[in-house]
Structures are given as structure tokens and as C-alpha cells.
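The following note sets out several points on the model shown below.

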Amino acid sequence: MSAIPDPEHALTASGNLRRRLLVSRVFEGATVLAAALAVAVLLILVYYVVKHGVGVISLSFFTSDLPPYTGVGGGIGPALVGTIEMALIATIIALPTGVLTALYLSYFAGPRGDRIVRVVLDLMAGLPTIIIGVFVAGLITNHVGPSGLAGGLALSIVEVPLIARASLEAISRVPQILVEASDALGMARWRGIVGVVLPTASNGIVTATILAVARASGETAPLLFTSELYGQSFSVDPRHSLASVPLEIFQLLESGYSASVSKAWGAAFTLMVVILAANIGARVWLRRSERKRGL
Amino acid sequence: MPLVTQPAMNSAAAARARRARLNRLDRRANRALKWLAWIGGVLVFIAMLLIAYQVIDGATAAFDKFGFGFLVHRTWIPVENKFGALTYIYGTLVTSVFAVILATILGVSIGLFLALMAPRRVAVIIGPMVEMLAAIPSVVLGLIGIYLICPFIAADVEPPLHSVLGFLPFFGAPQPIGNSLFAASLVLTIMVVPIIAALTRDLFLTVPLELRDGAEALGSTRFEMIRGVVLPVTSSGVIAACVLGFGRAIGEAIAVSQVIGDQPLDHLNLFLGGNSAASVIALQYTEGVSPLQTPSLFYLATILLAFSLIVNFGARQLGRRSLLAR
């Protein structure tokens with residue numbers, strides 16, 4: 001070292017520092033590439049489905065009966081009806097269960113109950129959906145045959161942890177001051193919950209429900225054994241098997257005829273557009289409503 | 001407001017009666033709500049127990065016949081009533097492990113990019129787009145897998161990999177048709193990346209700004225800041241995210257069954273077809289040809305359930321151990 005070091009020495013990248021900066025830049029570039037790759041994959045997937053599916057779409061595709069085995073003619077009308085019906089059944093079961101579970105965890109659970117239910121929710125959220133299908137098949141379908149109700153029940157098990165966790169999150173974000181104010185006014189606990197907490201958390205709960213329904217209506221595995229359909233029978237009675245869009249795609253592909261495959265693309269296009277639109281819509285709506293409340 | 005004023009005594013008594021009635025109603029409603037919430041919690045708990053019971057119960061016939069030998073036997077020949085799960089367990093593990101390795105590299109990078117490097121305006125667009133990947137239904141992903149991914153890798157990915165890494169048993173000679181363990185791994189990667197990316201992004205955002213600023217003030221580059229501060233502080237959470245992604249990968253049935261090739265597996269070669277536990281359940285459940293087939297599939301489901309419970313519980317414990325856990 002010289003007696004008087006150059007005062008600007010530390011400011012110019014040289015030797016080791018240059019190498020360190022280079023490593024850092026390369027690393028940053030790699031993360032940008034990774035993000036770009038994920039976005040590119042998404043765009044390619046969407047483009048590919050649109051390219052193959054959009055030509056199949058017509059009004060009669062949505063309204064006509066399921067195609068025969070060869071895939072010539074027909075549409076996905078019953079499958080759309082069945083998917084909507086089973087998603088409705090699932091939500092009728094899962095929404096109250098999920099919200100009540102969130103209320104239990106937020107206000108009523110002792111330390112042990114809280115821990116157990118939280119663990120169970122996490123485990124349920126990670127449950128393979130095929131296991132849910134096997135479970136409902138063993139519980140119901142093996143005894144009384146497949147039905148839309150069994151399919152709806154299976155989908156509700158997909159929805160419950162999603163709704164419960166998001167409701168819990170929404171309830172925990174209700175400003176403490178509102179709860180304290182309602183307590184200070186001498187309101188009964190239930191009035192505070194029903195009149196203050198739930199309305200304030202409703203945006204989050206509704207968003208979670210939309211996302212859960214979107215997720216459930218794209219599931220195939222829980223319906224594989226619980227609401228399976230043979231032939232083209234068209235039924236809207238949930239006590240019998242209902243067709244569903246994901247399962248219809250799966251079965252059209254198994255037959256392998258080119259007409260079936262193009263029907264599958266059309267159905268996949270429909271399913272994907274609805275699910276992505278629900279996802280985007282729910283997020284945008286939640287963000288806007290939260291901004292309005294200054295959260 | 002009543003139009004006619006009533007005598008004072010009367011109104012006080014009425015008010016008291018009203019308050020008593022309200023109190024009674026409130027007490028009842030409080031109790032009812034508490035019970036309802038309790039029922040919600042218990043219902044979730046019971047559902048989980050019932051799932052475990054039902055799946056294990058369905059497997060008893062196979063368990064009595066094969067015992068734990070089921071786990072190490074390789075033959076699965078329904079017409080001869082011979083069942084062993086080893087090849088399916090192998091198929092599940094090899095596809096999931098490969099997918100999680102790829103997805104960890106990509107997902108953690110994306111998480112770092114979104115949390116620490118991207119300008120806010122970019123992050124709020126790219127972040128949701130990556131999460132959108134997770135919203136694509138698995139059957140649609142499988143469809144794309146069959147018609148886009150399989151032909152692509154058979155033509156452009158597997159041959160070069162084979163010529164470079166062919167000395168490893170995993171990268172043997174490819175088939176002309178792309179349906180393979182490798183294709184299944186790639187489809188699983190697409191499913192797992194958004195999970196790891198979203199979880200790790202949220203995790204990296206919780207690293208206190210003082211720590212990051214401190215590292216940069218000491219003269220570290222961005223890479224050194226990440227390696228020296230961000231990753232060590234969040235390491236258990238990052239591992240938890242990857243374990244969660246692994247749990248998602250082992251349980252995927254539909255998309256995997258569409259691209260995995262469904263061949264008997266007696267090789268380590270990723271470029272040939274095989275099958276995984278979840279996908280073999282999806283493919284064979286409705287076509288039981290021998291009395292022990294359905295119980296054997298339930299046995300497979302039990303193994304899968306045990307895997308899933310262990311993995312998810314492990315991820316949870318790891319996540320709670322995180323230094324930054326709330």
C-alpha cells in the first residue's frame with residue numbers, strides 16, 4: 001500500500017469487484033430469464049389452446065348433446081350444465097363449512113382445537129385430488145352408484161380448505177378497531193360477528209369462493225369415479241351421473257378419433273377461458289375493493 | 001317512536017322486559033353461533049379422518065394378501081392377481097423429484113426476481129401471470145402435453161440430452177413418441193413452478209429492509225446480498241415451499257396419466273414410458289378385472305395418502321420454523 005491511497009480507488013470497479021459485479025449481473029439476468037420463461041410458457045399454452053379450440057366454438061357446440069364415440073357432431077351442453085350443477089352443490093356444502101371453520105379458528109377455538117384444525121386444513125389443502133375421488137367412491141359410489149351429488153361432495157372437499165384459509169385471512173384483516181368498537185357499544189358477540197366482521201370480510205370471502213369454484217370446476221380426478229358417465233345420456237338430475245367438462249375432455253381424448261380430439265380442444269378452450277377469466281376478475285375486483293377501503 | 005306517551009312506570013317495565021328478551025335472544029344466538037362454528041371445525045376434522053379410514057379400509061384385502069411386500073414387488077399383472085407397487089412408487093418419485101429440482105431452480109429465481117429485482121410495475125403484472133399458470137386445469141395441461149410437449153421433446157430435447165448425458169442410466173435412448181416419464185416431469189414442473197414462485201416471493205418480501213440495506217451498505221453486490229442475507233434468513237421457508245410443491249407433484253393424476261406413456265416399467269430411462277401411483281389409480285380404477293385389483297389400487301392410494309400427509313405436515317413444520325414466521 002502506498003502512503004496516500006487514491007481517494008477515488010474505491011469508486012472504480014476493478015479486479016475483484018469487477019468479477020463480483022459480473023457474477024451479480026449474470027445472476028440477475030438468470031432470474032429475469034426464469035420469469036420470462038414462465039410467462040412465455042403461459043402465453044404459448046394459452047395461444048395453443050386458443051388456436052386449436054376457437055374454431056370449434058359455435059352456439060350449437062354449447063347447446064347440443066354430447067358427441068358420440070366417434071366425435072362427429074354433438075357438443076358439450078350437458079357437460080356445461082353438469083359442471084355448473086356440481087360446482088353449485090360443492091359450494092353449497094363448502095361455503096358454510098369453510099366460513100364456519102374460519103370463524104371457529106378466529107373466535108372460538110381453544111389452543112388445542114386451533115392447532116388441530118389448522119393442521120387438518122393444511123393437510124386437506126395438500127390432499128391429492130385422486131384420493132378425494134377414491135374416498136368418495138369408497139364412501140358413496142360403491143354402494144349407491146355414481147351421481148352428481150357424489151361428484152359435488154368430492155369437489156366440496158377440494159373447495160373447503162381454499163375457502164376456509166382465505167376466509168380466515170379476510171377475517172384477520174378486519175380492522176381491530178371495528179371489533180373493539182362493537183364490543184364497546186355492548187353488542188353481543190354474534191351481532192359483532194354477523195353485523196360487523198362478516199360484512200367487512202365479505203370481499204375476501206367472495207373472492208375466495210370464486211377462486212375455489214374456478215379450481216373445482218377444472219378438476220377431473222375427483223369426478224372420475226364419482227360421476228362417471230357412459231354413453232351420451234343427458235340428465236340434469238343430480239341423483240344420477242352428471243357430465244362435466246373436464247371429464248368429457250379426458251374421455252374424448254381416450255377415444256382418440258380426430259373429431260373427438262377437436263371437440264376436446266373446443267371444450268378445453270371453453271374451460272380455460274372461463275377459469276382464467278374468473279381468476280383475473282376475482283383478483284382485480286379484490287384489489288379494487290381493498291384499495292377503496294384503504295387496505 | 002310511539003305517538004302516545006305512556007305512563008312512566010309502564011314504559012320502564014316494558015323496556016326492562018324488552019331488554020331481558022334481547023338478552024335471552026343474544027345469549028341463545030351467541031351459543032348457537034359458537035356451536036355452528038364448532039361444528040364447522042369438527043366437520044373438517046371428521047372429513048379428514050373419514051378419508052384416511054375409507055382409503056385404508058378399502059385396502060385391507062390387498063394388505064392381508066400382500067403385506068408390506070407390496071411395496072417392494074415389481075409385478076403388477078391383474079389377470080394373474082399379482083400386484084406389487086414398486087414400479088409405480090418409483091415412477092411417482094422419479095417424475096416428482098425431477099420436476100421439483102427443475103421447479104425449484106426456476107421458481108426460486110422467479111420469486112427472487114419478483115420480490116427483490118423487478119420494478120413494482122413489472123412485478124404486479126408478471127406475478128399474477130405466473131400464478132395464472134397454476135390455474136390452468138390439469139386435464140387441459142395434459143391435452144397440451146400430448147399434442148405440444150410430447151412431440152417437441154421427442155424431436156428436439158431428448159436426442160440432444162441423450163447424446164450429452166447418455167452415460168447416465170436416466171438419459172437412455174429415446175423413443176420416437178414423446179410420452180414418457182420425462183414428459184410427465186415437465187408437465188409437473190409447469191404445475192409446481194407457480195406454487196414455489198408465489199410462496200417464495202411472499203417469503204422474500206418479508207425479509208426486513210434493514211437487513212438488505214445493511215448488506216448493500218457494507219458493499220455487497222445484489223447477488224452477495226441474496227446469497228448472504230436473503231436466502232439464509234428464509235432457507236427453511238424456501239425448503240417448505242419446495243416440499244409443498246413436491247406434495248403437489250406426487251398427487252397429480254390426470255395430466256400425468258395423459259403423458260406418462262402407461263408402460264410396464266423395468267428401466268431407469270426417463271425417456272421411456274412408465275406409470276405413477278396416482279395415474280395408475282386414475283387409469284385402472286373403473287376397469288377392475290380381478291377381485292384384488294380394486295383393493296390393490298386402494299393400497300396404492302393409501303401409500304399416496306401417507307406420502308402426502310407426511311410431506312404436507314413436514315412442509316408445515318418447516319414453514320413454522322422459519323425465522324420470519326409470524
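1. Helices (H or I, at least four residues) and strands (E, at least two) are taken as DSSP runs, numbered from the N terminus. The model is predicted, with pLDDT of at least 70 required for local features and 80 or more for side-chain atom pairs, while totals for chains, interfaces and linings use all residues. Residues are numbered from 1 along each chain as its sequence is written, and chains are lettered from A and ligands numbered from 1 in the order in which they are written.

2. A:P128 lies in the loop between α4 and α5 of chain A. A residue is called buried if 20 or more other C-beta atoms lie within 10 Å of its own, exposed if 12 or fewer, and partly exposed in between, with C-beta atoms placed from the backbone. A:P128 counts as buried because it has 24 C-beta neighbours inside 10 Å. Two residues are in contact if their C-beta atoms, placed from the backbone, lie within 7 Å. Apart from neighbours within four places in sequence, A:P128 contacts B:G251, B:A253, B:A278, B:L304 and B:S308.

3. A:V117 belongs to helix α4 of chain A. This residue has 22 C-beta neighbours inside 10 Å and therefore counts as buried. Leaving aside neighbours within four places in sequence, A:V117 is in contact with A:T101, A:Y104, A:L105 and A:A109, and also with B:G41, B:V44 and B:F45. Between A:V117 and A:V56, 61 residues apart in sequence, the C-alpha to C-alpha distance is 46 Å.

4. The contact between the chains involves 71 residues from chain A and 70 residues from chain B. On the side of chain A that touches chain B, α1(A) provides the largest share, 19 residues. By class, that side has 54 nonpolar, 11 polar and six charged residues. Here Ala, Val, Leu, Ile, Met, Phe, Trp, Tyr, Cys and Pro count as nonpolar, Asp, Glu, Lys and Arg as charged, and the others, Gly among them, as polar.

5. A nonpolar core is a set of buried Ala, Val, Leu, Ile, Met, Phe, Trp, Tyr and Cys residues joined through C-beta atoms within 7 Å. The largest such core has 181 residues, and A:I131, A:A268, B:V187 and B:I281 have the most contacts inside it. Helix α6 (residues 181-205) of chain B gives the most to this core, with 18 residues. Not counting residues up to four places away in sequence, B:V187 touches B:L141, B:G142, B:G145, B:I149, B:A255, B:V256 and B:V259.

6. Which helices of chain B pack at an angle of about 160°? They are α7 (residues 209-217) and α8 (residues 222-251), whose axes are 9 Å apart. Axes are lines fitted to C-alpha atoms, for helices over the stretch in contact, and angles run from 0 to 180 degrees between N-to-C directions. α7(B) is therefore roughly antiparallel to α8(B), given that angles under 35 degrees count as roughly parallel, over 145 as roughly antiparallel, 65 to 115 as roughly perpendicular and the rest as oblique.

7. Helix α5 (residues 138-165) of chain B packs against α6(B) at about 125°, with the axes 9 Å apart. The angle makes α5(B) oblique to α6(B). Residues on the α5(B) side of the contact include B:L141, B:G142 and B:G145, while those of α6(B) include B:L186, B:V187 and B:I190.
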